[in-house]
Amino acid sequence: MIIVYSTILLGILGLTSGLFLAFAASKFAVKEDPRVKLVEAALPGINCGACGFPGCSGFAKAYADGKVPKEGCIPGRRSGVPEKLEAITKTSQEKILAIWKESGEDAEKALQKLLSATGAPPKPVPKKPVRPSPDEVAKYKGMLKDNELASLIYGALPNIDCGLCGHPGCAAFALKLAASEEKPEKCVPGMRQNVPEKVAKIKKMSSNEIKKMLEETAGDPKKIKEKLGG
Amino acid sequence: MSVGTRLFFIFLSALLVNNFVLSRFLGICPFLGVSKKVDTAVGMSLAVIFVMVMASIITWLLNLLLVAMGLPFLTTIVFILIIAVLVQFVEIVLKKTSPGLYEALGIFLPLITTNCAILGLALLNVQQEFSLIETIVHAAGAGLGFGLALVIFSTIREKMELYEIPESFKGTASALVSAGLLSMAFMGFQGLVKL
């Protein structure tokens with residue numbers, strides 16, 4: 001008898017609480033802004049956290065609120081994300097709602113529709129960055145020795161030899177920068193470390209100043225970054 | 001003892017003498033986990049107070065049913081079910097009505113479900129055979145006591161961040177030591193009220 005009663009009681013309790021919660025969930029359902037959903041669909045969706053938010057949905061919300069620039073998504077910069085975000089921002093709220101309803105509240109479909117409607121530029125094919133081999137990196141690092149300007153610029157770079165700029169390592173990139181054959185903006189990880197500003201600062205220095213700074217820091221990249229400041 | 005004084009004593013007992021965190025050692029997990037900042041500590045305390053009072057009322061009523069059906073051994077599982085449902089409900093309502101508070105509480109809101117202080121409170125109410133009003137007062141006292149301990153502790157931890165502490169004592173180690181000292185301080189309330 002006890003078993004029957006307990007089963008009945010727990011069954012009823014479980015059922016009522018389940019129904020109660022289902023009712024509450026539909027009654028208090030939160031409709032999310034379709035604009036946020038569209039922005040989220042345009043992002044890479046890898047939740048890397050490089051933008052400073054815990055994930056892509058956090059960035060999407062902040063972007064829709066106008067709190068972050070469209071370049072804030074770092075991995076997306078090379079795959080046309082800023083252009084897509086721009087297209088979403090330029091579209092009026094009414095149009096977004098219309099597209100949202102048309103595509104059956106499916107974020108992916110709605111985004112495709114919106115992009116084709118606004119005639120946004122097609123997604124550029126990103127050149128796959130090649131991580132330079134250690135030998136290559138070392139070769140260019142050796143070439144820094146007789147180039148003081150490049151040595152100092154090398155100190156201002158992130159020194160992680162990621163190859164995202166298209167050159168084999170930070171030393172090779174520094175040599176190109178010293179010869180004014182490249183733009184400092186090409187350094188992708190450096191965009192968040194004010195590398196372009198630092199390089200511009202170095203380029204303005206006289207050769208004596210460069211010599212002095214190299215002597216003071218003994219060519220240590222860490223000390224050079226400190227000297228150049230934020 | 002008149003009804004009023006008894007209610008007051010129950011409240012004081014739950015708040016200070018038998019403080020849930022510092023005397024009964026219930027709900028230590030959020031006590032250590034959510035006490036790094038005063039803001040989150042206050043938010044967590046408010047959510048816990050609400051869930052404690054609501055859960056106490058519902059479990060008190062359910063206990064009548066359980067006793068009438070002769071199934072008092074089911075209290076634990078039934079109470080946990082009710083608490084879980086209640087926490088879910090609070091989360092759904094908060095998300096709709098107050099997104100700001102919802103974001104601030106974050107993961108701690110669903111974690112209240114597994115806060116043993118709430119189940120402990122519901123079981124204590126039943127054990128001590130409180131009336132409904134006594135139950136509500138007891139729950140309010142327990143919730144406020146939890147909040148009091150959490151806020152005091154979080155202010156201590158915020159200050160501790162500024163002092164130089166030996167490397168091996170940084171973080172949880174020093175937090176545990178100061179939690180012990182705080183608990184000893186609360187022992188001073190022992191004997192203040194006897195129910």
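Visitor: Which residues does Ile112(B) touch, not counting residues up to four places away in sequence?

Guide: In this predicted model, Ile112(B) touches Met44(B), Ala47(B), Val48(B), Val51(B), Val87(B) and Ile118(B); these count as touching because contact is set at heavy atoms within 4.5 Å.

Visitor: What makes the set around Phe20(B), Leu22(B) and Ile112(B) a nonpolar core?

Guide: The set has 51 residues, and those touching the most other members are Phe20(B), Leu22(B), Phe31(B), Met52(B), Val78(B), Ile112(B) and Ile118(B). It is called a nonpolar core because its members are buried residues of types such as Phe, Leu, Met, Val and Ile, joined through side-chain atoms within 4.5 Å. Two or more residues each come from α1 (2–27) of chain A and from α1 (3–17), α3 (38–69), α4 (75–97), α7 (116–127), α8 (132–160) and α9 (172–186) of chain B, and the largest share, nine residues, is given by α3(B).

Visitor: How do you know how much area is buried between chain B and chain A?

Guide: The value is about 1,500 Å², with carbon and sulfur atoms giving 88% of that area, and it is the accessible area that the two parts lose on being put together, summed over both. The contact takes 19 residues from chain B and 16 residues from chain A. Between the chains there are zero salt bridges, and one residue pair is in polar contact.

Visitor: Which elements of chain B give two or more residues to the side that touches chain A, and how is that side made up by class?

Guide: The elements are α3 and α4 of chain B, with α4(B) giving the most, eleven residues. By class, this side of chain B has 15 nonpolar, one polar and three charged residues.

Conventions: Residues are numbered from 1 along each chain as its sequence is written. Chains are lettered from A and ligands numbered from 1 in the order in which they are written. This is a predicted model: local features need pLDDT of at least 70, side-chain atom pairs count only at pLDDT 80 or more; totals for chains, interfaces and linings use all residues. Side-chain values use heavy atoms; hydrogens and water are left out. Buried means under 20% relative accessible area, exposed over 50%, partly exposed in between (1.4 Å probe, protein chains only). Helices (H or I, at least four residues) and strands (E, at least two) are DSSP runs, numbered from the N terminus. Buried area is the accessible area (1.4 Å probe) that two parts lose on being put together, summed over both. A salt bridge is a side-chain nitrogen of Lys or Arg within 4 Å of a carboxyl oxygen of Asp or Glu. A polar contact is a pair of N or O atoms within 3.5 Å; within protein, one must be able to donate a hydrogen and the other to accept it, and residues adjacent in sequence count only if both atoms are side-chain atoms. Ala, Val, Leu, Ile, Met, Phe, Trp, Tyr, Cys and Pro count as nonpolar, Asp, Glu, Lys and Arg as charged, and the others, Gly among them, as polar.
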